[in-house]
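Please look over the structure below before reading on.

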Amino acid sequence: MKDTVQDAGGREPGDPLGVAVVGAGYWGPNLVRNFQSSPRFRLRWLCDLNVDRAEQVLGRYSTVQATADYAAVLADPAVEAVAVATPAGTHLDVALAALRAGKHVLVEKPLAATYEDGQRLVAEAEERGLTLMCDHTYCYTPAVARIREMVRSGELGEIQFVDSVRINLGLVQKDIDVLWDLAPHDLSILDFILPDHVQPVAVAAHGADPIGAGQSCVAYLTLQLNTGAIAHVHVNWLSPTKVRTTMVGGSKRTLVWDDLNPAQRVAVFDRGVDLAASQEIGADERRDMLVSYRTGDMVAPAIGEKEALRSMVEEFADAIETRRPALTDGRAGLRVLDILEAASRSLEFRGAVVGLRTGR
């Protein structure tokens, strides 16, 4: 399928991939800028219902075409990929049309408005042999890439807990609660860094609406992992201070990521609790389990600086050209949707534990 699309567009191997961005609102301009700066893509269209806004994003002298006619974009054989930056409720229709037109698709988070819609997109892409990628931007930051490497290499040991805080005096949304607004970032990071054998299996969520906004403005989400470990996410629109921290506790070391501290984004502590195995305890000591506290060094690994969206765009190109699943492919987006829907059900039942559907 991919070769057919390329031939139709007349692109030779090694030529830039023709891409169109749909949506010129909040996130679209960031995608436009990164696609234009990447030698692996050639931005051909910016599509938005407000053509004036699209033209303003492109600038007066741009050769990229602005249009409100999505059908014209999909009919262009030079367009091999489409990046969707429209409201979540439109993702199914916009992305499905692109897939059916034979285009590779990048979708802004969340993948779709519902798990069922996300399943339809994943099935369509797999049936047609096309790349479907979810723009989980935080996963492409240098810090998260380094965290994934340390977790998956076993440098931290077996994961015992993950604790994430994403709070600020934020923009209260009219159509979604704080879980659907902020938690996708933390859930996508969790999905990205965990080893393949470690999976969330159930979720419980508690939320509150102390200002009468009509949906939860403060929420706490607890994930049970199949290993017996636990992951916790705190999201909040009402905090007077901005906090972006994640702690990953392992049996060997504990990692702390502070996204707001450019001088030391990641710190690794060789400190923790060791428990003696029963066979190591003498007969006179069996009644008292031996707990020892390990106090070692703190190391702050060097973390480079690179725009996450630039790395995400490169991953999109790699996935298309090598025909492999993207690091944050459609199924990763589905797993996040699964947790979000389960968390919403848990909120309805006052924090009841709700099982998850998906595995890796």
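Predicted model: local features only at pLDDT ≥ 70, side-chain atom pairs only at ≥ 80, totals over all residues.

Residues are numbered from 1 along each chain as its sequence is written, and side-chain values use heavy atoms, with hydrogens and water left out.

**The whole chain**

- The protein chain has ten helices and 15 strands; helices (H or I, at least four residues) and strands (E, at least two) are DSSP runs, numbered from the N terminus.
- Of the 360 residues in the protein chain, 50% are buried, where buried means under 20% relative accessible area, exposed over 50%, and partly exposed in between (1.4 Å probe, protein chains only).
- Among contacts with a separation of 6 or more, 67% are between residues 24 or more positions apart; contact means heavy atoms within 4.5 Å.

**The six-stranded open sheet**

- Strands of a sheet pair through backbone hydrogen bonds, either parallel or antiparallel.
- An open sheet is formed by six strands with parallel pairing, in the order S3-S2-S1-S4-S5-S6; two strands pair if DSSP finds at least two bridges between them.
- Strand S3 (65–67) and strand S6 (132–135) are the edge strands, each pairing on one side only.
- From one strand to the next, the twist averages 20 degrees.
- Four bridges link strand S4 (residues 81–84) with strand S5 (residues 104–108) in the parallel sense, and Ala-81 stands opposite His-104 in S5.
- Helix H3 (residues 51–58) lies across strand S2 (41–47) and S3, and runs at about 160 degrees to S3. Axes are lines fitted to C-alpha atoms, for helices over the stretch in contact, and angles run from 0 to 180 degrees between N-to-C directions.

**Strand S10 and its partners**

- Strand S10 (residues 230–236) is mostly covered, with five of its seven residues buried.
- Strand S7 (residues 159–169) runs parallel to S10 and is joined to it by seven bridges; Ser-164 stands opposite Val-233 in S10.
- Strand S9 (residues 218–225) pairs with S10 in the antiparallel sense over seven bridges, and Gln-224 stands opposite Ile-230 in S10.
- S9 and S10 form a hairpin with four residues between them. In the turn, Gly-228 has a positive phi of about 95 degrees.
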